[in-house]
Amino acid sequence: MKTTTLLFLLFTAFSVLAQDKFFTNTGTINFEASVPMFEEIRAVNRQVAILLEPKTSTFICTVIVKNFRFKLDLMQEHFNENYMESNRYPKAVFKGKIEKFDLKDINEVEKEYQIKGKLNLRGKSKEITVNALIKRVPEGIQIISDFPIVVSDFNIHIPTPIAAKIATTANTELTGIIRSDETMLTLK
């Protein structure tokens, strides 16, 4: 009986500890800075790290800039070398708090939340608020969020001859399914 009680307490403690953080490194960001009548400027990054700490409502998203993939190699080269300077600023990080978040409220019905935080990009930081749709799915917790990025806020210089061909606000959409250690154990 003592062994059974001890095992029950141990598994209960592990279950609580396992839900301290939810994580993935396979989130996706779709990036678009296209302008009508000009060549499409679109990229995708499928190696985005997303971390959620439910106790503190902390949400962190980290992106390696060089992992964005464009349809054209030359566009990708210009993005990394001329605009994002990815050798000098290799990653972008958003860290914020999900307002009115409680893990107990997350179920299969999508709920909209606001995340207030700081976006650090190209060595510049800016306070932003983004909307996020969050729900529970069989694989974990799904998060979808839009991050409009005003190019001038991060000193991204676009030469005058091509400025009309690139949007002044880059639209980015983050999607990911984050899992706790416990979720990952049950999926294996």
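The lining of the largest pocket divides into 31 nonpolar, two polar and two charged residues; here Ala, Val, Leu, Ile, Met, Phe, Trp, Tyr, Cys and Pro count as nonpolar, Asp, Glu, Lys and Arg as charged, and the others, Gly among them, as polar. The model is predicted, with local features requiring pLDDT of at least 70 and side-chain atom pairs counting only at pLDDT 80 or more, while totals for chains, interfaces and linings use all residues. Residues are numbered from 1 along each chain as its sequence is written, and side-chain values use heavy atoms, with hydrogens and water left out.

The largest pocket holds about 740 Å³ of space. A pocket, on a 1 Å grid over the protein atoms alone, is an open set of points with protein on both sides within 12 Å along at least five of seven lines, whereas a cavity is a set of points where a 1.4 Å probe fits but cannot get out; lining residues have an atom within 4 Å of a point. Grid points are joined across faces, edges and corners, and a volume is the space filled by probe spheres set on the points. Of the 35 residues lining the largest pocket, Phe31, Ile41, Phe70, Phe79 and Tyr83 lie nearest its centre. At least two lining residues come from each of β1 (22-32), β3 (58-64), α2 (73-83), β5 (91-98), β6 (111-121), β8 (140-150) and β9 (169-178). Helix α2 supplies the largest share, five residues.

These elements belong to a chain with four helices and nine strands, where helices (H or I, at least four residues) and strands (E, at least two) are DSSP runs numbered from the N terminus. Along the sequence they follow the pattern α-β-β-β-β-α-β-β-β-β-α-β-α. Of the 188 residues in the chain, 38% are buried; buried means under 20% relative accessible area, exposed over 50%, and partly exposed in between (1.4 Å probe, protein chains only). Among contacts with a separation of 6 or more, 60% are between residues 24 or more positions apart, contact meaning heavy atoms within 4.5 Å.

Phenylalanine 70, one of the residues nearest the centre of the largest pocket, is found in strand β4 (residues 69-70). Why does phenylalanine 70 count as buried? The reason is its relative accessible area of 8%. Leaving aside neighbours within four places in sequence, phenylalanine 70 is in contact with Phe31, Ile41, Arg42, Ala43, Met75, Gln76 and Phe79. Ring pairs also link Phe31, Phe68, Phe70 and Phe79 into a cluster. The structure holds eight aromatic pairs; rings of Phe, Tyr and Trp (its six-membered ring) pair if their centres lie within 6.5 Å, with planes under 30 degrees apart counted as stacked, over 60 as edge-to-face and the rest as tilted.

Asparagine 45 lies 9.3 Å from phenylalanine 70, C-alpha to C-alpha, with 25 residues of sequence separation. Asparagine 45 is part of strand β2 (residues 42-53) and counts as buried because its relative accessibility is 0%. Polar atoms of its side chain lie 2.9 Å from the backbone nitrogen of glutamine 47 and 3.0 Å from the backbone oxygen of isoleucine 64. Not counting residues up to four places away in sequence, asparagine 45 touches Gly27, Thr28, Ile29, Val63, Ile64, Asn67 and Phe68.

The structure also holds one cavity of 30 Å³ or more. The largest cavity has a volume of about 40 Å³ and is lined by Glu40, Arg42, Lys71, Leu72 and Met75. By class, this lining has two nonpolar, no polar and three charged residues.

Several loop residues complete the picture. Lysine 100, in the loop between β5 and β6, has a positive phi of about 55 degrees although it is not a glycine; lysine 100 counts as exposed because its relative accessibility is 80%. Asparagine 155, in the loop between β8 and α3 (160-163), likewise has a positive phi, near 55 degrees, and with a relative accessible area of 46% asparagine 155 is partly exposed. Arginine 88 lies in the loop between α2 and β5 and is exposed, at 60% relative accessibility. A polar contact of 3.3 Å joins the side chains of arginine 88 and tyrosine 89; such a contact is a pair of N or O atoms within 3.5 Å, where within protein one must be able to donate a hydrogen and the other to accept it, and residues adjacent in sequence count only if both atoms are side-chain atoms. The C-alpha atoms of arginine 88 and arginine 122 are separated by 8.0 Å, although the two residues are 34 residues apart along the chain.
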